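Here's a quick briefing to read with the structure open in your viewer. Have a look around first, then work through the topics below in any order you like.

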Amino acid sequence: MRPGPRRPGIGTQRGRSMKLQEALRKVIRQFGVSVIQEKRLMSFLADYRAFDDYPAVREVMKAIATGEHGKDLCRYATEESDDEYLRFAESLKESLANEKSFKQEFADYAVDSISFALGIASSVTEPGDNGFEAVQKNAGGQGRRRAQGGSGAQGGGSAHGGTSQRQAPSQRRRRGLSGVFASVPDGAGSHRRFYRGEDITAAFDDGSFSTSVADGTFYDIFPGDYIRKKITVPAVANTETSTYEVKFVIADLDIAMNQGSPRVTAHHAVIVPEEPVFDTYMNPTDTNKGGYAGSYMHKTVMPAFALGLIGAFGAEHLLKCSFDGSDSTSDPLSCTCRLMTLSMVFGQQQELPGGVWSWSEFNKDNCLGGEQLAAFSLHPELRGQNMWYWLSDVPSSGSWSSSDFADVADLDDGVVADAYGASDADTGVRPFALLV
């Protein structure tokens with residue numbers, strides 16, 4: 001996609017996927033045993049692509065790293081004998097399976113990988129299941145909330161009684177959900193915690209998608225789900241008018257609520273192309289004067305892309321909102337879609353991946369509050385395997401501070417945060433939009 005070399009990266013070789021136990025051993029050697037109990041462990045493992053072979057294990061490792069289990073493992077590894085540690089490790093496997101309802105083989109693999117990385121266990125048995133569902137299919141729980149008969153109302157909604165409009169989501173449940181998704185409560189907050197990856201094009205086309213978004217239940221909609229559409233984008237810069245077949249991934253839900261100008265008040269799904277749609281430059285020359293809001297990308301390319309989105313989805317299904325301080329009614333096309341930011345792709349981790357740049361070298365773009373899109377957190381491969389594409393952040397220091405824009409690059413070190421000259425016409429365009 002991009003001819004010629006990029007600015008060289010620094011650090012470990014992360015281009016290939018790595019076994020979980022190998023990645024853990026590298027991270028522990030670099031940061032010490034205490035990293036087991038730290039949230040940043042998940043970012044390090046994602047950088048090493050440690051969940052490529054068994055994606056569901058990500059949820060088990062997250063439960064360990066962000067809960068008391070990681071602290072307990074760390075304590076046993078540093079304060080107790082190997083035999084005491086192994087006894088605790090066996091009990092932890094059972095606890096993860098029985099109390100957290102994770103599949104036993106995934107619980108075993110996660111804990112054994114940590115034990116191997118610590119040098120306490122000599123081998124690891126890999127799971128036979130390489131799917132995305134970490135939880136046992138027969139896991140218990142209270143099941144989906146039924147919005148009927150007043151007494152069942154809970155959460156942010158109000159109790160309307162058995163004849164209210166809230167019966168509609170319950171009727172749609174007749175379509176049925178499988179596995180762990182059947183027990184996920186309604187609402188953006190619950191659904192954005194799970195990555196699914198199903199084709200929901202038919203649901204958008206028949207209107208049920210929009211109904212589920214509008215009422216805020218997001219029934220049968222999860223990060224990773226996708227809608228396939230053909231979009232026709234008018235000619236811009238070095239591209240001709242072209243029609244593209246695009247797989248739009250549900251990247252997050254309601255993340256823009258109460259943000260932007262005017263304030264977003266409607267429920268929405270954030271959509272992002274699975275990969276860059278086409279290549280073009282940020283500006284005709286190597287300058288970032290005026291930042292993203294003043295760029296050719298924002299003023300010309302985004303309105304052209306917006307026309308393609310409107311033709312594919314319909315104007316009534318796209319929220320128009322500015323996140324750059326301008327009034328969305330003055331230029332609605334430029335407010336229909338926008339480039340992502342470093343934070344939306346990589347999150348607020350302490351260090352940007354790749355070691356090429358640090359946060360202090362950027363004027364951070366806090367669009368959408370600087371929060372990482374759920375799909376990019378749950379499924380890091382979406383960040384940019386085999387991709388190079390523009391972001392809206394601008395360097396704040398160094399010899400490139402006046403000429404470059406941030407981008408995502410797949411280098412020898414893996415998918416990294418980078419920056420490149422604004423006139424580069426071989427970097428991809430991958431905007432997000434808000435779908436209703």
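This is a predicted model: local features need pLDDT of at least 70, side-chain atom pairs count only at pLDDT 80 or more; totals for chains, interfaces and linings use all residues.

The protein has 13 helices and 12 strands, and 55% of its 436 residues count as buried. Among contacts with a separation of 6 or more, 71% are between residues 24 or more positions apart.

- Five strands make up an open sheet in the order 1-2-3-12-5, and the pairing is antiparallel.
- The edges are taken by strand 1 (226–233) and strand 5 (337–339); each has a single partner strand, so one side of each is left without a neighbour in the sheet.
- From one strand to the next, the twist averages 35 degrees.
- Helix 11 lies across strands 1, 2, 3, 5 and 12. Relative to strand 1, helix 11 runs at about 120 degrees.

**Strand 3**

- Strand 3 covers residues 269–273, and five of its five residues are buried, so strand 3 is largely enclosed by the rest of the structure.
- As background, side chains in a regular strand alternate between the two faces of the sheet.
- Here, Ala269, Ile271 and Pro273 point one way, Val270 and Val272 point the other way, and all are buried.
- On one pairing, strand 2 (residues 242–253) is joined to strand 3 by five bridges, with the two running antiparallel.
- Within that pairing, Leu253 has Ala269 as its bridge partner in strand 3, and Ile250 stands opposite Ile271.
- Strand 3 is also joined to strand 12 (residues 431–435) by three bridges, again antiparallel.
- In strand 12, Ala433 is the residue opposite Ile271.

**Aromatic pairs**

- How many aromatic pairs does the structure hold? There are 10 of them.
- One is Phe181 with Phe194: the ring centres are 6.5 Å apart and the planes sit at 70 degrees, so this pair is edge-to-face. The cut-off behind that label is a plane angle over 60 degrees.
- Phe181 is in the loop between helix 7 (167–172) and helix 8 (188–191), while Phe194 is in the loop between helix 8 and helix 9 (201–205), so the pair ties together parts that are 13 residues apart in sequence.
- Are these two buried or partly exposed? Phe181 is buried, with a relative accessible area of 7%, whereas Phe194 is partly exposed at 22%.
- Another pair is Tyr281 with Tyr296, with centres 5.4 Å apart and planes at 50 degrees, so this one counts as tilted.
- Tyr281 lies in the loop between strand 4 (278–279) and helix 11 (296–313), and Tyr296 is in helix 11; the pair links distant parts of the chain, 15 residues apart.
- Tyr281 is buried, with a relative accessible area of 17%.
- Phe204, Phe209, Phe248 and Phe313 are linked by ring pairs into a cluster.

**Charges over rings**

- Phe181 turns up again here: the charged end of Arg196 sits over its ring, 5.7 Å from the centre.
- Lys247 has its charged end over the ring of Tyr226, 4.1 Å from the centre.

**Asn288**

- Where is Asn288? Look in the loop between strand 4 and helix 11.
- Asn288 is buried, with a relative accessible area of 8%.
- Leaving aside residues up to four places away in sequence, Asn288 touches Asn283, Val394, Pro395, Trp400, Ser401, Ser402, Ser403, Asp404 and Phe405.

**Helix 5**

- Helix 5 (residues 82–98) has 17 residues and reaches 24 Å from its first C-alpha to its last. That's close to the 24 Å expected at 1.5 Å a residue.
- Its buried residues are Tyr85, Phe88, Ala89, Leu92, Lys93, Ser95, Leu96 and Ala97.
- What do the buried residues of helix 5 pack against? Their neighbours are helix 3 (57–66), helix 4 (68–79) and helix 6 (104–117).

Technical notes:
Residues are numbered from 1 along each chain as its sequence is written. Side-chain values use heavy atoms; hydrogens and water are left out. Rings of Phe, Tyr and Trp (its six-membered ring) pair if their centres lie within 6.5 Å; planes under 30 degrees apart count as stacked, over 60 as edge-to-face and the rest as tilted. Helices (H or I, at least four residues) and strands (E, at least two) are DSSP runs, numbered from the N terminus. Buried means under 20% relative accessible area, exposed over 50%, partly exposed in between (1.4 Å probe, protein chains only). A charge sits over a ring if NZ of Lys or CZ of Arg is within 6 Å of the ring centre and within 35 degrees of the ring normal. Two strands pair if DSSP finds at least two bridges between them. Contact means heavy atoms within 4.5 Å. The expected span of a helix is 1.5 Å times one less than its number of residues. Axes are lines fitted to C-alpha atoms, for helices over the stretch in contact, and angles run from 0 to 180 degrees between N-to-C directions.
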